[in-house]
Number of protein chains: 2
Amino acid sequence: MLGRRVTLRDVAEQAGVHPSTASRAINERTRSLVDDQTVDRVLQAADRLGYRPDTLARGLKTNRTFTVGMLLPDLTNPLFPPIVRGIEDGLERAEYTVILANTDNDSDKERTVLRALLGRRIDGLILATAQREPPPAIRELIAARLPMVLVNRTMDDQSVSSVSGDDRHGIRLAVEHLVGLGHTRIAHVGGPQRTSTGLTRHDSFVESMSRCGLDVDADLIEFAHWFREAPGAEAFHRLLTRRPDVTAVVAANDLIALGCYDVLVERDLTVGTDVSVVGYNDMLFADKLCPPLTTVRVPHYQIGLRAAQLVLDEIGERSTEAVQLRLPASLVERASTGLPRDAR
Amino acid sequence: MLGRRVTLRDVAEQAGVHPSTASRAINERTRSLVDDQTVDRVLQAADRLGYRPDTLARGLKTNRTFTVGMLLPDLTNPLFPPIVRGIEDGLERAEYTVILANTDNDSDKERTVLRALLGRRIDGLILATAQREPPPAIRELIAARLPMVLVNRTMDDQSVSSVSGDDRHGIRLAVEHLVGLGHTRIAHVGGPQRTSTGLTRHDSFVESMSRCGLDVDADLIEFAHWFREAPGAEAFHRLLTRRPDVTAVVAANDLIALGCYDVLVERDLTVGTDVSVVGYNDMLFADKLCPPLTTVRVPHYQIGLRAAQLVLDEIGERSTEAVQLRLPASLVERASTGLPRDAR
């Protein structure tokens with residue numbers, strides 16, 4: 001152990017216990033929570049390794065639970081499992097675990113589950129539910145400097161670190177792909193504008209169309225009130241009724257794109273032939289859909305991994321400034337996009 | 001509060017803290033872990049509600065962490081998110097949370113993550129990784145009477161409670177559907193036989209074929225070494241090479257069915273027309289595949305919910321005998337099955 005300070009983790013490993021158990025066993029205030037045999041094993045290990053008092057003092061002061069809470073709308077949305085898996089893998093290396101809490105996009109439920117997480121004395125928080133303007137409960141935690149990282153979202157004031165895909169570039173790739181095929185009447189079914197994801201994807205759609213020299217009539221844009229199939233279908237139904245001449249649509253995510261599929265099938269129109277559809281996320285099975293979905297790939301597992309690293313850095317006080325990480329997006333071309341119907 | 005014993009949970013609610021915090025605040029051994037203001041609030045709430053010493057004594061004795069561990073192969077397998085969501089919702093009502101640990105079907109990793117879970121002093125364990133013969137580490141925990149419930153799997157000796165779908169009946173529905181369409185040369189791509197799921201589905205395939213008066217040649221059966229697309233494709237490739245005359249296949253799960261899709265596409269055969277394919281699970285987007293997959297629906301969310309109830313019952317010592325719950329399965333007919341090609 002020459003040349004390196006012996007850490008609590010070393011002691012825990014030597015004693016064959018979790019670091020949180022080692023911490024409890026070493027700390028006299030909490031020793032009674034651990035059975036005597038384990039206490040003996042930990043203290044012997046500390047002795048053997050020469051675990052030093054000053055390290056000890058720091059370990060006690062931190063009093064960590066080695067858990068991070070995560071608020072997410074709903075684990076069954078296919079966007080989240082790869083992000084959560086990345087977070088779990090990233091945290092595991094530091095012997096941390098994540099406790100998930102589903103909010104179902106209900107602000108009352110968000111408050112309740114957040115309180116439950118805090119009651120468990122989490123060391124940090126990962127938010128996949130962030131809105132551009134945080135609710136009071138989150139604002140309080142930011143003020144209290146609870147280590148916090150946003151995934152797939154940002155807040156307007158950028159006071160909290162975030163990891164997301166490069167949405168601006170991703171939507172630009174989608175628009176340029178359609179323009180390259182010859183489309184000019186391109187619609188956008190956006191997501192909720194209270195989320196950074198919904199807003200950025202919409203803004204980039206408008207910018208990218210202009211950059212390609214195309215007008216963006218306001219009636220070419222509709223918003224889904226949430227990032228799911230049914231709200232996507234409702235929005236696209238309104239849009240197509242008003243503008244039956246559109247030949248392509250950029251959906252704010254893959255589930256909204258699936259809603260567009262449903263509307264087209266209902267109207268006896270063929271996806272990719274009559275109307276081209278581009279999704280966003282390249283979720284699980286996007287390549288197996290009928291037809292396979294052209295979409296923008298976002299490295300969700302990597303997003304989770306980086307978010308875990310950031311929150312661990314904040315917990316370990318290795319990082320103090322908020323950073324906004326954007327991981328690159330790429331277009332995946334499949335059969336849901338093709339030449340405009342008037343060019344066939 | 002007349003007529004009902006005041007519980008620790010009532011005190012926690014009144015004080016606006018998590019039950020684990022209330023427990024720590026009330027217990028003199030652990031009070032120092034909670035800040036003074038919270039201790040005051042909890043003790044006042046206990047006073048106000050008339051929280052009684054004997055209840056208190058029990059609360060102390062139990063010394064719970066209000067966490068349940070769950071071992072699963074991989075959260076990104078679409079089978080698991082609805083099960084996990086059901087578990088989370090079921091546990092939440094009792095203010096319990098689940099800590100997930102992915103094993104990636106690696107027995108070394110399983111041992112490591114299991115040790116980490118135990119280090120966190122989980123009150124119970126939910127296993128989605130069970131094999132028919134448990135490894136030594138799990139056997140030890142069974143002997144130590146750690147509250148434990150299996151989901152989607154059983155062990156041969158049935159010493160541990162389990163919640164799964166009725167696989168025997170589900171596969172019978174699949175075979176009868178194909179026989180009803182006129183198929184006679186029906187193949188089975190089974191899952192690994194060291195899992196109860198793989199074994200039961202295989203056994204039921206053989207039984208159901210016999211019951212329908214059809215011979216089951218051994219060469220109509222192949223096994224995937226795991227429940228995923230690539231192993232499914234490899235197995236079906238071997239099978240079709242040997243028996244190009246089969247007109248239908250019952251896959252042990254939807255991902256293996258997707259592997260069968262891939263093999264058929266590669267051979268320029270049309271799913272549902274040249275060869276009918278039946279999956280198992282009715283996973284997310286099974287209805288959106290190309291073609292939409294005929295499959296057996298299993299109520300995964302309900303399985304998770306019941307598993308949560310069972311493990312809470314065991315933790316609360318309201319249940320001592322192991323029970324094997326089987327929830328009903330049903331067939332969902334879609335475009336991947338049709339008349340045999342020689343009958344068209």
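**View 1. Ser161(B) is a buried residue, with a relative accessible area of 1%.** Here buried means under 20% relative accessible area, exposed means over 50% and partly exposed lies in between, with a 1.4 Å probe and protein chains only. The structure is a predicted model, in which local features need pLDDT of at least 70 and side-chain atom pairs count only at pLDDT 80 or more, while totals for chains, interfaces and linings use all residues. Residues are numbered from 1 along each chain as its sequence is written, chains are lettered from A and ligands numbered from 1 in the order in which they are written, and side-chain values use heavy atoms, with hydrogens and water left out. Ser161(B) belongs to strand S5 (residues 161–165) of chain B, where helices (H or I, at least four residues) and strands (E, at least two) are DSSP runs numbered from the N terminus. The side chain of Ser161(B) reaches the backbone nitrogen of Val323(B) at 2.9 Å. Leaving aside residues up to four places away in sequence, Ser161(B) touches several others, among them Met148(B), Leu310(B), Glu314(B) and Val323(B), a contact being heavy atoms within 4.5 Å.

**View 2. Ser336(A) is found in the segment after strand S12 (330–332) of chain A.** With 0% relative accessibility, Ser336(A) counts as buried. Its side chain reaches the backbone oxygen of Val277(A) at 2.6 Å. When residues up to four places away in sequence are not counted, the residues that Ser336(A) touches include Tyr261(A), Val277(A), Pro291(A) and Pro292(A).

**View 3. Pro147(A) sits in the loop between helix H7 (136–143) and strand S4 (148–151) of chain A.** Pro147(A) is buried, its relative accessible area being 14%. The C-alpha atoms of Pro147(A) and Ile122(A) are separated by 9.6 Å, although these residues are 25 residues apart along the chain. Not counting residues up to four places away in sequence, Pro147(A) touches Asp123(A), Gly124(A), Leu125(A), Val311(A), Glu314(A) and Ile315(A).

**View 4. Chain A and chain B meet in a contact that takes 50 residues from chain A and 50 residues from chain B.** The area buried between the two chains is about 4,000 Å², of which carbon and sulfur atoms give 53%; buried area is the accessible area (1.4 Å probe) that two parts lose on being put together, summed over both. In chain A, the residues that lose the most area to chain B are Arg85(A), Arg120(A) and Phe285(A), together 18% of what that side buries. Because 98% of the interface residues of chain A are also interface residues in chain B, the copies meet through the same surface.

**View 5. Arg85(A) forms a salt bridge with Asp104(B), and the closest N and O atoms are 2.8 Å apart.** A salt bridge is a side-chain nitrogen of Lys or Arg within 4 Å of a carboxyl oxygen of Asp or Glu, and across the interface of chain A and chain B the rule finds 8 salt bridges. The elements that give two or more residues to the side of chain A that touches chain B include helix H5 (80–92) and helix H6 (107–119) of chain A. H5(A) gives the most to that side, with 7 residues.

Methods. A polar contact is a pair of N or O atoms within 3.5 Å; within protein, one must be able to donate a hydrogen and the other to accept it, and residues adjacent in sequence count only if both atoms are side-chain atoms.
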